[in-house]
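Student: I've got a model open and would like to walk through it. Can we start with how the strands pair?

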Amino acid sequence: MKRDMCRLIGVNLIFISIFLTIAGCKSSRSTTTSNTAYSDGYSSGGAIPRTVPRTSSTRPGGIVTEKKVVVTPTTPVVQANLAPGLERDILSLVNDYRKTKKLPPLQNNGAMEYQARRHSMDMGTHRVPFGHQGFSFRMKYVFDKIPGSTQVGENIAYGNLSAKAVVTGWINSPEHRKNMEGDFKYTGIGVTRNMQNQLYFTQLFAK
């Protein structure tokens, strides 16, 4: 009996570790090289995560654009709702962490919040897989909406997680921590909860 219980606990732990996947990325106008650090995330100018196959090309000005290889359904697979309370909690926790590093607080930006919410909603409704699909579009959108901006970063996560658990997970990940400690001024956060009780988190950074 004890052996069977151990096996069951082991299987559950494996399931939880897979379920609480976290990913992050960063890109700038002047950077177009790739540096995939993890199988579930990426960093630096438009790098491609191994879990989301797609191609990319560079246009004048150094902005990375993507050739979409995944078709987005016109209707969601499942329904989802925004979770603004969690968004506010995450912003507060991230700024609390930046304060410990003597960094200025990030300012919430409406345009970035819109894109972060849209990406979390697309993931939460299974319009797109969990990952950074469409990041180059979000990056261009931010550049267009915030004149003079030169760099955009993105952290994402999913799972039945509290705001504190998400932020702690990002802090414990070197690539995500770079975004949190980056020389950024603006941020936008989007959190959705779908009908399967799954939470999807997106935080955008810009300077």
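Student: Which residue is the bridge partner of Ala80 in β9?
Tutor: Asn194 is the bridge partner of Ala80. Keep in mind that this is a predicted model.

Student: How many bridges join β6 and β9, and in what sense do they pair?
Tutor: Strand β6, residues 80–82, pairs with β9 over three bridges, in the antiparallel sense.

Student: And β7 with β9, parallel or antiparallel?
Tutor: Parallel: two bridges join β7, residues 107–108, to β9. In that pairing, Asn108 stands opposite Thr187.

Student: What about β9 and β10, how many bridges there?
Tutor: Eight, and the two strands pair in the antiparallel sense. Arg193 stands opposite Leu199 in β10.

Student: Is β9 enclosed or open?
Tutor: Seven of the nine residues of β9 are buried, so the strand is largely enclosed by the rest of the structure.

Student: Take Thr187 then. Buried or exposed?
Tutor: Thr187, which is found in β9, is buried, with a relative accessible area of 0%.

Student: What does Thr187 touch?
Tutor: Leaving out residues up to four places away in sequence, Thr187 touches Leu91, Leu106, Gln107, Asn108, Asn109, Met112, Gln203 and Leu204.

Student: And Val191, what is that in contact with?
Tutor: Beyond its neighbours within four places in sequence, Val191 is in contact with Asn81, Leu82, Ala83, Leu86, Glu87, Ile90, Ser120, Leu199, Tyr200 and Phe201.

Student: Now the largest nonpolar core. Which residues touch the most other members?
Tutor: Ile90, Trp170, Met180, Val191 and Phe201 do, in a core of 20 residues. The elements that give two or more residues to this core are α2 (84–100), α5 (163–171), β9 (186–194) and β10 (199–206).

Student: Which element gives the largest share?
Tutor: α2 does, with five residues. As background, nonpolar side chains tend to be buried together in soluble globular proteins.

Student: What other core lies apart from that one?
Tutor: Another core has 10 residues, among them Phe135, Val142, Phe143 and Leu204.

Student: Change of topic: helix α3. What span should it have?
Tutor: Helix α3 covers residues 110–124, which makes 15 residues, and at 1.5 Å a residue these should span 21 Å. The C-alpha atoms at its ends are 20 Å apart, which agrees.

Student: How many of the residues in α3 are buried?
Tutor: 11 of 15, so the helix is mostly covered. The buried ones include Met112, Glu113, His119, Ser120 and Asp122.

Student: What happens at the start of α3?
Tutor: A side-chain oxygen of Asn109 comes to within 3.0 Å of the backbone nitrogen of Ala111.

Student: And what follows α3?
Tutor: His126 follows α3, and its phi is positive, near 65°. Most residues other than glycine have a negative phi. His126 is not a glycine, yet its phi is positive.

Student: Where does His126 lie?
Tutor: His126 lies in the loop between α3 and α4, the latter being residues 135–145. His126 is partly exposed, with a relative accessible area of 30%.

Student: Which residue takes a positive phi in the hairpin of β9 and β10?
Tutor: Asn197 does, near 65°, in a hairpin with four residues between the strands. Asn197 is placed in the loop between β9 and β10, and is partly exposed, with a relative accessible area of 40%.

Student: Last, the whole chain. How many helices and strands?
Tutor: The protein chain has six helices and 10 strands. Of its 207 residues, 47% count as buried.

Student: What share of the contacts comes from residues 24 or more positions apart?
Tutor: Such residues account for 68% of the contacts in the protein chain with a separation of 6 or more.

Conventions: Residues numbered from 1 in each chain as written. Predicted model: local features only at pLDDT ≥ 70, side-chain atom pairs only at ≥ 80, totals over all residues. Heavy atoms only, no water. Core = buried A, V, L, I, M, F, W, Y, C linked by side-chain atoms within 4.5 Å. Buried < 20%, exposed > 50% of the residue type's maximum accessible area, 1.4 Å probe, protein only. Contact = heavy atoms within 4.5 Å. Expected span 1.5 Å × (residues − 1). Polar contact = N/O pair within 3.5 Å; in protein donor to acceptor, adjacent residues only side chain to side chain. Pairing = 2+ DSSP bridges.
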